[in-house]
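Please open the model in a viewer and keep the sequence panel in view. The stops below proceed selection by selection.

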Amino acid sequence: MIEQKTYHEIVLDAAKEVFETMIFMEIEPSAQASIDESALSLLGTITFKGDIEGCMGINLSWPCGQTIARNMLALEPDAEVSQQEVCDAVGEVANMVMGSIKSRLQDMYPDIAVSIPTVVTGRELNSNLGEGAEKVAVPVCLNEEFTAVFILLYRRK
């Protein structure tokens with residue numbers, strides 16, 4: 001059985017792959033375990049079910065979401081981006097990272113179906129699967145400027 005530490009490594013490796021090849025941002029593990037919950041933030045989530053079920057999410061600040069959208073759209077660093085473009089970019093990040101996680105778990109869990117991503121904005125955003133769920137939180141630093149937290153909530157069948 002995959003242990004907690006391994007799930008942490010799987011999430012971090014998947015996030016690194018996506019950010020370094022698709023978003024062109026450096027990503028490193030961070031000791032800071034959360035983002036400023038009093039500020040406006042984004043939570044992109046995607047659920048999965050099958051041999052293992054759960055939810056993967058990314059929680060990040062609004063300025064971080066804007067930078068991700070600009071990079072994904074190949075815009076200048078100071079270009080304006082709409083709220084819809086930022087939400088679409090964060091949803092796509094959740095989708096790509098979950099796809100990378102799924103491929104890493106394929107040998108152990110061959111039956112995993114993934115939903116479409118959702119994105120919400122607000123303050124003090126959290127996701128929860130209720131009792132019996134395992135949680136892996138992976139805080140990261142992006143471009144030495146932003147903190148984001150990847151969250152994997154899951155239950156084994």
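Select Glu-17 first: this residue counts as partly exposed, at 39% relative accessibility (partly exposed lies between buried, under 20% relative accessible area, and exposed, over 50%, with a 1.4 Å probe and protein chains only). The model is predicted: local features need pLDDT of at least 70, side-chain atom pairs count only at pLDDT 80 or more, and totals for chains, interfaces and linings use all residues. Residues are numbered from 1 along each chain as its sequence is written, and side-chain values use heavy atoms, leaving out hydrogens and water.

Glu-17 forms a salt bridge with Arg-104, and the closest N and O atoms are 2.9 Å apart (a salt bridge is a side-chain nitrogen of Lys or Arg within 4 Å of a carboxyl oxygen of Asp or Glu). This pair links distant parts of the chain, 87 residues apart, with Glu-17 in helix α1 and Arg-104 in helix α3 (residues 83-105). Helices (H or I, at least four residues) and strands (E, at least two) are DSSP runs, numbered from the N terminus. Arg-104 is likewise partly exposed, at 33% relative accessibility.

By this rule there are two salt bridges. For the other, select Arg-155 and Glu-53, whose closest N and O atoms are 3.5 Å apart. Here strand β7, holding Arg-155, is linked to strand β3 (residues 52-61), holding Glu-53, across 102 residues. Arg-155 is partly exposed at 24% relative accessibility, and Glu-53 is partly exposed at 26%.

Next, display the surface. Which residues gather in a patch of negative charge? They are Glu-20, Glu-26, Glu-28 and Glu-144. Such patches are made of residues with over 30% relative accessible area and no salt bridge, like charges being joined within 9 Å and nonpolar side chains (Val, Leu, Ile, Met, Phe, Trp, Tyr) within 5 Å. Glu-20 lies in helix α1 (residues 4-23) and is partly exposed, with a relative accessible area of 44%.

Stay on Glu-144, in the loop between β6 and β7 (146-156). Its phi is positive, near 55 degrees, in a residue other than glycine. Most residues other than glycine have a negative phi. Glu-144 counts as exposed, at 72% relative accessibility.

Then select Glu-124, in the loop between β5 (118-122) and β6 (134-142). This residue also is not a glycine and has a positive phi of about 55 degrees. Glu-124 counts as exposed at 57% relative accessibility.

Finally, return to the whole chain, coloured by secondary structure. The protein has three helices and seven strands, in the pattern α-β-β-β-α-α-β-β-β-β along the sequence.

Definitions and conventions
Areas by Shrake-Rupley, 256 points an atom, 1.4 Å probe, with all protein chains shown as cover. Lys, Arg positive; Asp, Glu negative; His and termini not counted. Charge placed at Lys NZ, Arg CZ, Asp CG, Glu CD.
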